[in-house]
Amino acid sequence: MTSKDTGCQYCMESLRGRKFALKEENAYCVTCYDSLFANSCEECKMPIKCDSKDLAYKGRHWHEACFKCAKCNHSLVEKPFAAKDELLLCTECYSNMYSSKCFHCKKTIMPGSRKMEFKGSSWHETCFVCQYCRQPLGTKPLITQDNENYCVPCFEKQFAHHCYSCKKVITTGGVTFNDQPWHKECFLCAGCKQQLSGQRFISKGEYPYCLDCFSNLYAKKCSACNNTITALGDAQFISFEDRQWHSECFNCVKCSISLVGQGFLTQQDDILCRECGSAM
């Protein structure tokens with residue numbers, strides 16, 4: 001005996017000459033089957049009858065005509081789609097609403113296409129290029145200048161300073177002396193060759209010297225205390241004939257009064273105030 005020779009499993013009416021549906025090997029008339037087993041459409045909330053196509057996604061069901069993009073209303077039947085917050089979206093709408101925008105061309109980076117990321121921004125692979133030679137940067141080393149990216153050879157050609165000493169490119173940091181750029185490690189005392197970056201120094205002609213070397217090689221000696229007279233800070237000195245004094249050392253040898261800005265007398269190698277000089 002076939003299913004059509006029996007009655008509907010639910011209403012028991014004969015199925016001879018009528019359409020019917022099977023459920024777990026039991027036959028039901030169409031009316032009973034739809035009322036008992038049909039899924040409700042997620043969009044229109046109407047039952048999806050057995051003579052209609054039932055499209056399912058993650059436990060939810062739609063009529064074929066209701067299976068549409070929630071944004072543009074175009075059919076999603078047999079087309080790729082994405083889900084966001086329980087809404088179904090075609091790939092174009094999903095990309096426009098949620099995908100990254102290219103930092104260069106401002107267009108959407110479509111799902112599945114290769115995306116380059118750098119400093120919190122995203123690029124199409126074909127847009128992430130050296131600003132000068134226009135070659136793709138990919139994962140190669142790069143340098144950013146004024147929000148533009150350059151491959152290292154182009155940056156060095158266009159922008160980098162060359163060290164006055166070794167003539168090689170200065171990529172970071174550096175020191176400027178006599179309007180010329182230097183690597184920190186190349187900026188050395190012309191005397192002892194120690195690094196001067198971050199240290200106090202004095203220049204003589206085109207060359208920098210540490211304080212010790214400059215003092216030993218060029219600095220004058222105070223005629224009173226015999227210590228070096230430097231030009232650092234606000235240091236002042238007095239010069240008379242071929243001798244020099246610190247301003248604080250330029251005193252009368254007899255009464256020790258300061259002679260800075262005062263008239264004075266000399267007696268052999270000594271200097272005296274007028275009063276002490278007249279009394280002798």
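**Entry 1: disulfides**

I began with disulfides, taken as pairs of cysteine sulfur atoms within 2.5 Å, and the structure holds 0 of them. The model is a predicted one, in which local features need pLDDT of at least 70, side-chain atom pairs count only at pLDDT 80 or more, and totals for chains, interfaces and linings use all residues. Residues are numbered from 1 along each chain as its sequence is written, and side-chain values use heavy atoms, with hydrogens and water left out.

C127 itself counts as buried, at 16% relative accessibility. I used "buried" for under 20% relative accessible area, "exposed" for over 50% and "partly exposed" for what lies in between, with a 1.4 Å probe and protein chains only.

I then looked up C249. The closest cysteine sulfur to its own is in C222, at 3.9 Å, again too far for a bond.

Strands here are DSSP runs of E with at least two residues, and helices are runs of H or I with at least four, both numbered from the N terminus. H246 counts as buried, at 13% relative accessibility.

Which residues does H246 contact, leaving aside neighbours within four places in sequence? Contact means heavy atoms within 4.5 Å. I noted C222, C225, N227, T228, I229, Q236 and F237.

C29 is found in strand β2, and at 3% relative accessibility it counts as buried. With neighbours within four places in sequence left aside, C29 is in contact with C8, C11, L15, R18, K19 and F20. I also looked up the spacing to S14: C29 and S14 are 15 residues apart in sequence and 8.6 Å apart in space, C-alpha to C-alpha.

Helix α1 spans residues 30–37, and C32, Y33 and D34 in this helix are buried. What covers these buried residues includes β1 (20–23) and β2 (26–29).

**Entry 2: loops and positive phi**

Most residues other than glycine have a negative phi. I recorded E24 with a positive phi of about 55°, although it is not a glycine. E24 has its place in the loop between β1 and β2, and it is exposed, with a relative accessible area of 70%.

K58 also has a positive phi, of about 50°, and is not a glycine. Where does K58 lie? I placed K58 in the loop between β3 (54–57) and β4. K58 counts as exposed, at 71% relative accessibility.

A further loop residue that I looked up is D179, between β13 (175–177) and β14 (180–182). D179 is exposed, with a relative accessible area of 73%. From D179 to C189 there are 10 residues in sequence and 17 Å in space, C-alpha to C-alpha.

**Entry 3: the largest pocket**

Rolling a probe the size of a water molecule over the atoms shows where empty space is left. A pocket is an open set of points, on a 1 Å grid over the protein atoms alone, where a 1.4 Å probe fits and protein lies on both sides within 12 Å along at least five of seven lines; its lining residues have an atom within 4 Å of a point. About 180 Å³ of space lies in the largest pocket, the volume being the space filled by probe spheres set on the points, which are joined across faces, edges and corners.

Which residues lie nearest the centre of the largest pocket? Of the 13 lining residues, I noted E43, W62, K68, A70 and L88 in that position. Strands β4 (60–63) and β6 (87–90) each supply at least two residues of the lining.

By class, the lining has 7 nonpolar, 1 polar and 5 charged residues. Nonpolar covers Ala, Val, Leu, Ile, Met, Phe, Trp, Tyr, Cys and Pro; charged covers Asp, Glu, Lys and Arg; the others, Gly among them, are polar.

L87 has its place in strand β6 and is partly exposed, with a relative accessible area of 44%. L87 touches A70 and A82, not counting residues up to four places away in sequence. L87 and K68 are 19 residues apart in sequence and 9.9 Å apart in space, C-alpha to C-alpha.

**Entry 4: domains**

Last, I looked up the domain assignment; such bounds come from an automatic or database assignment. It gives domain 1 (20–96), domain 2 (99–158), domain 3 (160–217) and domain 4 (236–279). The C-alpha centres of domain 1 and domain 4 lie 109 Å apart.
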